[in-house]
Structure formats: C-alpha cells, structure tokens
Amino acid sequence: MDIFLQQIINGLVIGSIYALIALGYTMVYGIMQLINFAHGEVVMIGAMVTITCINLLLGQNMQLSGPMILLVGLMMAIPVSMLLGYTIEKVAYRPLRRAPRLAPLITAIGVSIVLQQLAMLIWGRNYRPFPAILPSEVHNIGGASITDVQIAIIVLTLLLMAGMYFLIEKTKMGRAMRATAQNPDVAKLMGVNVNHIISMTFVIGSALGAVAGVMVAANYDQAHAYMGFMIGLKAFTAAVLGGIGNLGGAVLGGLLLGVIESLGAGYLGDLTGGVLGSHYKDILAFVVLILVLVFRPSGLMGERVAERA
C-alpha cells in the first residue's frame with residue numbers, strides 16, 4: 001500500500017505538469033483546429049532559459065533566497081517563451097491559416113526541429129543540472145513521501161488552472177476566445193480582432209509552457225535541449241485523452257496519464273514477469289493514445305469546439 005500511494009503521488013505531480021502543457025495544446029486547437037507540435041520546444045526553452053538565469057544570478061553572489069532566485073529566473077523565461085510563441089504563430093502559422101490542414105501540421109513539426117537544433121547550438125547536447133536552490137525537505141503521508149518542490153508543483157498548477165478558468169469563462173478576452181473558437185468569421189463581424197486573439201492564445205499557452213518547463217527541471221533536477229519532444233508528445237496524448245479542445249479535458253487527461261504512467265513504472269515489471277521494466281513506462285502514453293483514438297476519438301470529455309462551416 002505504501003508503494004501504491006507513493007506511485008499515486010508521483011503520478012499526480014507529473015500529471016499536473018502534463019495538464020499544464022496540455023492546456024497549451026488544447027487552447028490552440030480550440031481556436032485554430034491546429035496541433036502546435038512546437039509547443040514542447042517552448043516548454044524546453046522555458047526551462048533552459050530559467051536555468052541559465054539562475055546560474056548567472058548565483059555567479060553574481062546576490063543575497064537572495066533560493067525561491068526568490070527561481071522567481072527572478074522564471075520572470076525572465078516567461079517573456080522569452082511568450083515572445084517565442086507569438087513569433088511562431090505570426091511567422092509560421094498565420095500565413096498558412098487558409099491552407100490545407102496538412103501544411104500547418106508539417107510546418108509545426110519543422111518549427112519543432114528548428115527550435116530543438118537551435119537549443120542544441122546554444123546550450124549543447126549535455127544535460128543541464130538544475131541548481132540546488134530550493135528547500136529539499138521531505139514529508140511523509142501514510143508511508144509515502146513528497147518533497148516541498150512536488151507540493152509546490154501541484155499547488156501552483158491548481159492556481160494556474162483556476163486562473164485559466166477565470167480568464168476563459170469570466171473575462172472579455174475569454175469571451176472573444178470562445179467566439180473565435182466557434183466561428184472566427186462571425187466573431188470578426190462582431191468586432192473581435194481575430195488575429196490578436198489567436199496571437200494571445202499562443203502567448204498565454206507559451207507562458208504556461210515556460211512554467212511547466214521549470215517544473216520539469218525542478219522535479220527531475222535537470223533539463224536538456226531535446227526534453228521537449230517526449231514531454232510534448234505525452235502532453236498531447238493527455239489533451240487527446242481528456243478531449244482536445246476542452247480545457248477541463250486537458251486537466252483530466254494530464255492527471256490520468258500521469259497516474260497511469262507512474263503506476264506503470266511501479267508495476268509494469270511485475271505484470272509482465274520482468275519482461276518490461278520501469279524504463280518502458282514511456283510506451284504507456286502511446287498505448288493510451290492508440291486506445292483513445294480507436295475507441296473514443298473525441299476523448300473522455302468530448303470536444304466542445306463546434307465544427308466550422
């Protein structure tokens with residue numbers, strides 16, 4: 001039971017990160033019917049910029065606490081990621097908005113590869129350790145353990161999700177985003193600046209991605225230039241699992257996928273008689289993706305985005 005509870009806690013932590021990244025995928029899809037496969041690289045760049053800024057601050061011997069140094073680094077990474085998301089939309093996707101769907105899909109994959117290679121040129125191929133600046137106290141819950149960093153990840157994710165719900169459901173921009181998702185041409189006739197709304201969708205999703213990237217680096221104590229590919233695919237799987245285009249579905253899908261992956265890491269070896277060990281846990285995300293696409297393509301919570309004329 002202790003092991004089971006530990007795997008559930010681990011799953012909720014990584015699932016929170018998946019959910020946060022999946023929000024970026026599902027927001028863009030809801031607005032544009034586009035899968036932004038470059039989103040994983042935005043997450044990666046957010047993590048790498050934060051680590052770089054933290055190391056620069058530590059090199060200056062500034063008398064700041066660890067959480068404050070992290071906050072400063074994050075405040076540098078978020079604008080970089082937001083600018084990157086805005087640039088990607090304006091340069092790579094906006095000219096192809098009326099093109100067949102295959103064109104922006106291939107472009108998204110191309111942008112992902114370009115960003116990954118650019119990150120390798122800047123930061124190299126080696127793993128970049130996350131500086132040990134955060135409290136490392138471990139708390140016991142029913143025989144399982146959880147660190148201060150993991151608690152912060154879950155709490156911050158919940159706060160950001162609540163903020164996203166308020167933005168989408170209760171603000172003027174949120175209404176404009178929902179109108180654009182329903183029908184961009186009608187929204188334009190009603191006075192909505194569709195180009196601005198689409199750009200802001202990328203900007204907001206990129207900001208969430210930067211935060212998620214820092215969470216990944218802090219949780220695993222490292223980051224690298226090609227981390228965005230796998231975690232991006234898993235977050236996309238989470239969005240599909242919950243129902244891509246549905247914000248609540250992205251959250252549910254992320255948490256479920258995290259728990260499934262964590263339980264798989266803990267019990268996959270026992271279930272397969274030792275044939276598959278915990279290092280095969282990554283295949284579970286893609287098994288889930290295949291099963292969802294075969295048996296429930298709309299996801300667990302369906303798709304709220306209406307078909308466009």
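Helices (H or I, at least four residues) and strands (E, at least two) are taken as DSSP runs and numbered from the N terminus. The structure is a predicted model, in which local features need pLDDT of at least 70 and side-chain atom pairs count only at pLDDT 80 or more, while totals for chains, interfaces and linings use all residues. Residues are numbered from 1 along each chain as its sequence is written, and side-chain values use heavy atoms, with hydrogens and water left out.

Helix α1 covers residues 2–32. The expected span of a helix is 1.5 Å times one less than its number of residues. For the 31 residues of α1 this gives 45 Å, and the end C-alpha atoms are 45 Å apart, in agreement. Residues are classed as buried at under 20% relative accessible area, exposed at over 50%, and partly exposed in between (1.4 Å probe, protein chains only). Of the 31 residues of α1, 24 are buried, so the helix is largely enclosed by the rest of the structure.

N10 lies in helix α1 and is partly exposed, with a relative accessible area of 25%. N10 and I146 are 136 residues apart in sequence, and their C-alpha atoms are 8.2 Å apart in space. G15 also belongs to helix α1 and, at 0% relative accessibility, counts as buried.

Just after α1, Q33 takes a positive phi of about 60°, a positive value in a residue other than glycine. Q33 is placed in the loop between α1 and α2 (39–59) and counts as buried at 14% relative accessibility.

Helix α8 (residues 194–220) has 27 residues and reaches 39 Å from its first C-alpha to its last, close to the 39 Å expected at 1.5 Å a residue. In α8, 23 of the 27 residues are buried, so this helix is largely enclosed by the rest of the structure. Just after α8, D221 takes a positive phi of about 60°, and D221 is a residue other than glycine. The loop between α8 and β4 (222–223) holds D221, which is partly exposed at 48% relative accessibility.

A salt bridge is a side-chain nitrogen of Lys or Arg within 4 Å of a carboxyl oxygen of Asp or Glu. The whole structure contains 4 salt bridges. E89 forms one with R94, the closest N and O atoms being 3.0 Å apart, and another with R97, at 2.7 Å between the closest N and O atoms. E89 is buried, with a relative accessible area of 0%. R94 is partly exposed at 24% relative accessibility, and R97 is partly exposed at 28%.

D185 forms a salt bridge with R98, in which the closest N and O atoms are 3.2 Å apart. This pair links distant parts of the chain: D185 is in helix α7 (residues 184–189) and R98 is in the loop between α3 and α4 (102–123), 87 residues apart. D185 counts as partly exposed at 39% relative accessibility, whereas R98 counts as exposed at 69%. Salt bridges that share partners join E89, R94 and R97 into one network.

Surface patches are made of residues with over 30% relative accessible area and no salt bridge; like charges are joined within 9 Å, and nonpolar side chains (Val, Leu, Ile, Met, Phe, Trp, Tyr) within 5 Å. Lys and Arg count as positive and Asp and Glu as negative, with His and the chain ends not counted. The place of a charge is taken as NZ of Lys, CZ of Arg, CG of Asp or CD of Glu. K170, K172, R175 and R178 form a positive surface patch. Helix α6 (residues 172–182) gives the largest share of this patch, 3 residues. K170 is found in helix α5 (residues 148–170) and is exposed, with a relative accessible area of 52%.

A nonpolar surface patch consists of M62, L64, M68, L71, V72, M75 and M76, with about 590 Å² of accessible area together. Accessible areas come from the Shrake-Rupley method with a 1.4 Å probe; for residues, only the protein chains shown count as cover. V72 is located in helix α3 (residues 66–93) and counts as partly exposed at 32% relative accessibility.
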